[in-house]
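Look at the sequence and the structure first, then read on.

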Amino acid sequence: MIAAQVNVLFVCSDNAVLSIMAESILKGIAPDRFGVFSAGCLPRAALDEYVLQLLKAHHLPVLGAHPKGLHAARFPTAPKMDFIITLSDVAAEEPWADWAGEPLVAHW
């Protein structure tokens with residue numbers, strides 16, 4: 001029996017370092033088990049270049065990686081999240097209770 005894919009959203013303040021790293025690592029180690037996404041409360045204009053080079057050096061997926069705001073993950077057509085993992089105090093303070101699909105929210 002094949003388990004259903006689990007959707008995970010990593011959120012930090014700027015979606016340029018921590019959440020991008022978490023997204024890339026989980027995509028790299030379990031691409032068939034997880035739908036992996038990232039976003040930022042106040043996204044930067046570009047990814048941190050050092051992080052991008054580090055992920056590439058470890059052969060982790062970076063194709064299409066770019067900072068995204070939370071609004072993109074809230075579109076009605078966006079995948080429903082099973083887990084939201086916040087990676088900064090700013091992200092942890094977001095109002096997660098009204099998130100569609102009632103995902104489990106954890107702060108790391």
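Which residues of helix α2 (residues 49-57) are buried? They are Val51, Leu52 and Leu55.

## Basis of the report

The model is predicted: local features need pLDDT of at least 70 and side-chain atom pairs count only at pLDDT 80 or more, while totals for chains, interfaces and linings use all residues. Residues are numbered from 1 along each chain as its sequence is written, and side-chain values use heavy atoms, leaving out hydrogens and water.

## Helix α2

Buried means under 20% relative accessible area, exposed over 50%, and partly exposed in between (1.4 Å probe, protein chains only). Helices (H or I, at least four residues) and strands (E, at least two) are DSSP runs, numbered from the N terminus. An α-helix has 3.6 residues a turn, so residues three or four places apart point the same way.

The buried residues of α2 pack against α1 (18-29), where contact means heavy atoms within 4.5 Å. On the face turned away from the buried side are the exposed residues Tyr50 and Ala57. Just after α2, His59 has a positive phi of about 55°.

## The nonpolar cores

A nonpolar core is a set of buried Ala, Val, Leu, Ile, Met, Phe, Trp, Tyr and Cys residues joined through side-chain atoms within 4.5 Å. The largest one has eleven residues, among them Leu9, Val11, Ile84, Trp96 and Trp99. β1 (6-12) and α3 (70-73) are the elements that give two or more residues to this core. A second, separate core has ten residues, including Val8 and Phe10.

Not counting residues up to four places away in sequence, Ile84 touches residues that include Leu9, Val11, Trp96 and Trp99. Trp96 counts as buried at 10% relative accessibility, and Trp99 counts as buried at 5%.

## Asp14

Where is Asp14 found? Asp14 is in the loop between β1 and α1. At 15% relative accessibility, Asp14 counts as buried.

The side chain of Asp14 makes a polar contact with that of Arg44 (3.0 Å). A polar contact is a pair of N or O atoms within 3.5 Å; within protein, one must be able to donate a hydrogen and the other to accept it, and residues adjacent in sequence count only if both atoms are side-chain atoms. A polar atom of the Asp14 side chain also lies 3.1 Å from the backbone nitrogen of Ala16.
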